[in-house]
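Here are my notes from a pass through this one, as numbered points. Have the viewer open while you read.

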Amino acid sequence: MLPSQQGYDRAITIFSPDGRLYQVEYAIETVRRGAIAVGVKAKDGIILAVEEKPHKLQLSESSHKIFQIDEHIGFAAAGYIPDARSQADNARFFSQSNRIIYDEPVDVETVAKHLADQCQQYTQFGGARPFGVALIIAGVDSYGKSMYLTDPSGTYIAYDAISIGAGSEQANDYLEKNFKQDMSLEDAAALATACIYISSNQKDGTDHIKMSVIKTETKQFDKVTPEQIANYAKLGKQKFPIPSA
């Protein structure tokens with residue numbers, strides 16, 4: 001680190017002379033080092049998929065990187081997962097409070113903005129570090145299907161398809177080339193598995209892939225079974241071949 005930069009990474013509230021918040025950048029780097037998470041919109045729903053590598057003796061039926069927030073909303077996380085669990089608890093409380101106060105399901109963007117505001121607060125006040133996690137928040141509400149990306153800086157942006165975590169640069173390039181607005185849920189799930197294979201060292205099998213879906217028709221967050229994931233992976237290899245290194 002250059003002499004002019006020394007000391008500016010020790011406090012979250014201090015800008016460096018070149019206008020940077022180093023602690024926020026370190027948190028974003030934590031996200032880049034996390035296992036990949038992918039979100040893809042389809043014409044009839046949204047797919048969330050993540051890479052998880054459980055130990056041999058670990059019970060891995062449920063995902064620890066995909067969280068259900070409400071009946072119609074969930075998110076996938078990359079980075080420091082305990083921070084994601086904390087944000088999931090916060091989002092669930094916020095969503096249920098909205099139901100009690102307004103007697104209606106909360107909008108997806110409202111949840112995304114709430115969590116982004118919480119992240120942004122931790123860039124202004126001392127005594128706490130930024131959240132070391134980025135989230136792909138997806139759901140189906142009265143406005144239709146929506147998907148947002150939040151990061152440790154407090155930014156939230158809407159996407160049709162996005163990946164976060166290790167290897168996300170290559171995966172996002174692949175999404176830009178292969179995503180189509182009228183994709184079916186099956187094709188969206190196949191594309192998501194292909195993105196995970198691109199970033200992962202494991203190019204075969206699906207034990208390391210977890211997936212959930214929110215369908216437009218039902219507005220319900222559901223887990224995808226391992227058998228379905230295996231079928232989607234097979235379809236992905238046919239329709240979305242992985243480019244050679």
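1. Let's begin with helix 2, which lies across strand 3, strand 4 and strand 5 and runs at about 15° to strand 3. Do keep in mind throughout that this is a predicted model.

2. The sheet under discussion there is an open one of five strands, in the order 3-4-5-6-7, and the pairing is antiparallel. Its edges are strand 3 (66-70) and strand 7 (156-158), each of which pairs on one side only. From one strand to the next, the twist averages 25°.

3. What sits on the surface around Ile-101? A nonpolar patch made of Ile-100, Ile-101 and Tyr-102, with about 410 Å² of accessible area together. Ile-101 belongs to helix 2 (residues 81-102). With a relative accessible area of 60%, Ile-101 is exposed, because the cut-off for that label is over 50%.

4. On to the charges: searching the whole structure turns up 13 salt bridges. One of them joins the side chains of Asp-83 and Arg-129, at 2.8 Å from N to O. This pair links distant parts of the chain, since Asp-83 is in helix 2 while Arg-129 is in the loop between helix 3 (108-121) and strand 5, 46 residues apart. Are the two partners buried or exposed? Asp-83 is buried, at 7% relative accessible area, whereas Arg-129 counts as partly exposed at 48%.

5. Next, look at Lys-237 and Asp-204, whose side chains meet in a salt bridge (2.9 Å, N to O). Lys-237 is in helix 6 (residues 226-239) and Asp-204 is in the loop between helix 5 (185-199) and strand 9 (209-215), so the pair ties together parts that are 33 residues apart in sequence. Lys-237 comes out as partly exposed, with 40% relative accessibility, and Asp-204 as exposed, with 53%. Elsewhere, Asp-18, Arg-20 and Glu-25 are linked in a salt-bridge network.

6. Now for strand 2 (residues 45-51). How many of its residues are buried? Seven of the seven, so strand 2 is largely enclosed by the rest of the structure. In a regular strand, side chains alternate between the two faces of the sheet. Here Gly-45, Ile-47, Ala-49 and Glu-51 point one way, Ile-46, Leu-48 and Val-50 the other way, and all are buried. Note that Glu-51 is on that buried list.

7. Which strands does strand 2 pair with? Strand 1 is one partner, antiparallel over six bridges, and the two form a hairpin with two residues between them. Strand 9 is another, also antiparallel, joined to strand 2 by seven bridges. Ile-46 takes part in both pairings: Ile-46 is the bridge partner of Lys-41 and stands opposite Ile-214 in strand 9.

8. Strand 1 (residues 37-42) also pairs with strand 8, in the antiparallel sense over four bridges. The bridge partner of Val-40 in strand 8 is Ala-161. In strand 8 (residues 161-164), Ala-161 and Ser-163 point one way and Ile-162 and Ile-164 the other, and all are buried.

9. Last stop, Gly-165, in the loop between strand 8 and helix 4 (168-178). Gly-165 is buried, at 5% relative accessible area, because buried here means under 20%. Apart from neighbours within four places in sequence, Gly-165 is in contact with Val-31, Arg-32, Gly-34, Ala-35, Ile-36 and Ala-78. As for Phe-67, which is 98 residues from Gly-165 along the chain, the two C-alpha atoms are separated by 17 Å.

Terms used: Residues are numbered from 1 along each chain as its sequence is written. This is a predicted model: local features need pLDDT of at least 70, side-chain atom pairs count only at pLDDT 80 or more; totals for chains, interfaces and linings use all residues. Side-chain values use heavy atoms; hydrogens and water are left out. Patches are made of residues with over 30% relative accessible area and no salt bridge: like charges are joined within 9 Å, nonpolar side chains (Val, Leu, Ile, Met, Phe, Trp, Tyr) within 5 Å. Accessible areas come from the Shrake-Rupley method with a 1.4 Å probe; for residues, only the protein chains shown count as cover. A salt bridge is a side-chain nitrogen of Lys or Arg within 4 Å of a carboxyl oxygen of Asp or Glu. Buried means under 20% relative accessible area, exposed over 50%, partly exposed in between (1.4 Å probe, protein chains only). Two strands pair if DSSP finds at least two bridges between them. Axes are lines fitted to C-alpha atoms, for helices over the stretch in contact, and angles run from 0 to 180 degrees between N-to-C directions. Contact means heavy atoms within 4.5 Å.
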